[in-house]
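Please read the numbered points alongside the sequence and the model.

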Amino acid sequence: MTKIVKIALVTAGLALVSMPAAAYEKGDWLVRVGGGMVDPKSDNGDIVSVDSGSTLIFNGEYFVTPTLGFEVLAALPFSHDIHDPTGVVKLAETKHLPPVFSLNYHFPTDGGFKPYLGAGLNYTLFFDEKTEQTVLPDTTLSLDGSFGLAVQVGADIDLSDTMFLNLAVRWADIDTDASIPEADLAFDVEIDPVVYSLALGWRF
């Protein structure tokens, strides 16, 4: 996914750098729909490892000034397998929804390449947790929800007056308390993922 984002950014940027573009205005709406990949960076030592997951993402952004936009990011559920520290033995699986609320600063520009920075809050809801019964028989897994900070860097690249390509990289502070009651086991899981996304957007 990282290579795809880099290639798309360079190609689209070079092709559209001279394209005339209108600056954003107060009251503008942006809607983006595309693909996203959550790449956990687990700091859990010898406890567990969490694999990456991809799904459809979508967001809407409203401009409160020509350079400041309030964005809400949503997605279809991400699915993750949870392995032992070696990454070989599957222990469990879970799904999560990670809505993010951000305030974005869009750098003033007259060209078709529109970079921005954002910061805000993330809430991650875990659900449909399941342990691998062949490894952990007669057990259940519980993961608490997580509040944390989220930051992003991104760019909108104009394809027309109303359509654009969006590239973004986000980081979210996601920590959850995990427990397997039947084994009297509880531990913290620090997921802290990098989220890559590539989307098409429309301006209204």
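1. Confidence. The term pLDDT denotes the predictor's confidence in each residue, on a scale from 0 to 100. The average pLDDT of the protein is 86, and 87% of the residues score at least 70. Over residues 14-19 the pLDDT is below 50, although this stretch has 9 contacts in the model beyond near neighbours in sequence; contact means heavy atoms within 4.5 Å. Where pLDDT is low, the predicted coordinates should not be read in detail.

2. Basis of the values. This is a predicted model, in which local features need pLDDT of at least 70 and side-chain atom pairs count only at pLDDT 80 or more, while totals for chains, interfaces and linings use all residues. Residues are numbered from 1 along each chain as its sequence is written, and side-chain values use heavy atoms, with hydrogens and water left out. Helices (H or I, at least four residues) and strands (E, at least two) are DSSP runs, numbered from the N terminus.

3. Strand β11 (residues 163-172) is largely enclosed by the rest of the structure, because 7 of its 10 residues are buried. Here buried means under 20% relative accessible area, exposed means over 50%, and partly exposed lies in between (1.4 Å probe, protein chains only). Two strands are said to pair if DSSP finds at least two bridges between them. Strand β10 (residues 146-158) pairs with β11 in the antiparallel sense over 9 bridges, and a hairpin joins β10 to β11 through 4 residues. V151 has W171 of β11 as its bridge partner. β11 also pairs with strand β14 (residues 194-203), again in the antiparallel sense and over 9 bridges; R170 has V195 of β14 as its bridge partner.

4. An open sheet. Three strands, in the order β9-β12-β13, form an open sheet with antiparallel pairing. Its edge strands, β9 (142-143) and β13 (185-190), each pair on one side only. Strand β12 (residues 175-180) and β13 run antiparallel and are joined by 6 bridges. In β13, L185 stands opposite I180.

5. T124. Leaving aside neighbours within four places in sequence, T124 is in contact with residues including H96, L97, P98 and I174.

6. G35 lies in strand β1 (residues 29-39) and counts as partly exposed because its relative accessibility is 29%. G35 and S197 are 162 residues apart in sequence, yet 5.6 Å apart in space, C-alpha to C-alpha. F107 lies in the loop between β7 and β8 and is partly exposed, with a relative accessible area of 36%. Leaving aside its neighbours within four places in sequence, F107 is in contact with P115, Y116 and L117. From F107 to L117 the C-alpha to C-alpha separation is 8.3 Å, and the two are 10 residues apart in sequence.
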